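The stops below go from the whole chain to single side chains.

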Amino acid sequence: ETYLLPDTKEQLQLAWQSEGYVQVDHLLSVEEYIRLAKCAWGTGKHVERPDQYSYRLVSSPPLVGAFSGSIMKGWLGSLLGGGVRKIAVSVRHFTHGDYTLLHDVGEKRGVAQFFFIFSGIWDPAWGGGITVHRDQASPLQVSLKGNRFFLVRSRDEWKPFVQYINHLAGK
């Protein structure tokens with residue numbers, strides 16, 4: 001709700017236009033975050049391609065609906081400066097040993113990618129942070145924090161990946 005206010009939208013639009021990314025903490029209400037977080041921990045299929053990626057792909061209609069519905073399309077459209085026709089949602093659950101690499105970016109059909117983080121307290125020493133390598137700029141480091149939304153441009157020279165989650169996670 002806070003992010004739908006006109007002044008806040010304008011600030012986020014300026015950040016998007018000048019920096020090419022936007023990070024928003026506490027995007028969802030506490031109640032909605034808790035409801036959707038329960039869906040994110042559902043069962044799923046572990047997918048792995050050695051030296052490319054490892055994670056659990058979670059099938060969750062409530063999450064797909066929440067992040068691809070008309071409210072999200074309208075909000076993203078206002079940030080990106082144009083209408084959003086479709087949002088493709090992939091729900092990935094990462095645990096010890098999971099990661100993605102620079103070449104795990106898939107087909108980029110849109111102008112942006114977003115990450116929404118469901119997490120409890122996370123120690124950066126465990127790994128798992130999101131890094132975005134950018135053409136001539138320093139990499140962006142996105143630390144894991146529950147209820148954090150991160151939107152980044154989809155460009156060939158901007159490559160996001162999830163750092164390896166080491167043996168200390170969950171101990």
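Start with a cartoon of the protein chain, which reads α-β-α-β-β-α-α-β-β-β-β-β-β-β along the sequence. That gives four helices and 10 strands, taken as DSSP runs numbered from the N terminus (helices: H or I, at least four residues; strands: E, at least two). The model is predicted, so local features need pLDDT of at least 70 and side-chain atom pairs count only at pLDDT 80 or more, while totals for chains, interfaces and linings use all residues. Residues are numbered from 1 along each chain as its sequence is written, and side-chain values use heavy atoms, with hydrogens and water left out.

Next, colour by accessibility. Of the 171 residues in the protein chain, 40% are buried (under 20% relative accessible area, with exposed over 50% and partly exposed in between; 1.4 Å probe, protein chains only).

Select helix α4, residues 70-80. Its buried residues are Met 72, Trp 75, Leu 76, Gly 77, Ser 78 and Leu 79. Just after α4, Gly 81 has a positive phi of about 80°.

Stay on Trp 75 and show the nonpolar core around it. The largest core has 24 residues, and Trp 75, Phe 118 and Phe 149 have the most contacts inside it. A nonpolar core here is a set of buried Ala, Val, Leu, Ile, Met, Phe, Trp, Tyr and Cys residues joined through side-chain atoms within 4.5 Å. At least two residues of this core come from each of α1 (6-19), β1 (21-25), α2, α3 (61-68), α4 and β9 (148-153). A second, separate core of 10 residues includes Ile 117, Leu 140, Phe 150 and Val 152.

Now show the aromatic rings. The structure holds 13 aromatic pairs; rings of Phe, Tyr and Trp (its six-membered ring) pair if their centres lie within 6.5 Å, and planes under 30 degrees apart count as stacked, over 60 as edge-to-face and the rest as tilted. Select Tyr 33 and Phe 118: their ring centres are 5.4 Å apart and their planes at 20°, so this pair is stacked. Tyr 33 lies in helix α2 (residues 30-40) and Phe 118 in the loop between β6 (112-117) and β7 (130-133), 85 residues apart. Tyr 33 counts as buried at 15% relative accessibility, and Phe 118 counts as buried at 16%.

Finish at Trp 16. The charged end of Arg 153 sits over the ring of Trp 16, 4.7 Å from its centre (the criterion is NZ of Lys or CZ of Arg within 6 Å of the ring centre and within 35 degrees of the ring normal).
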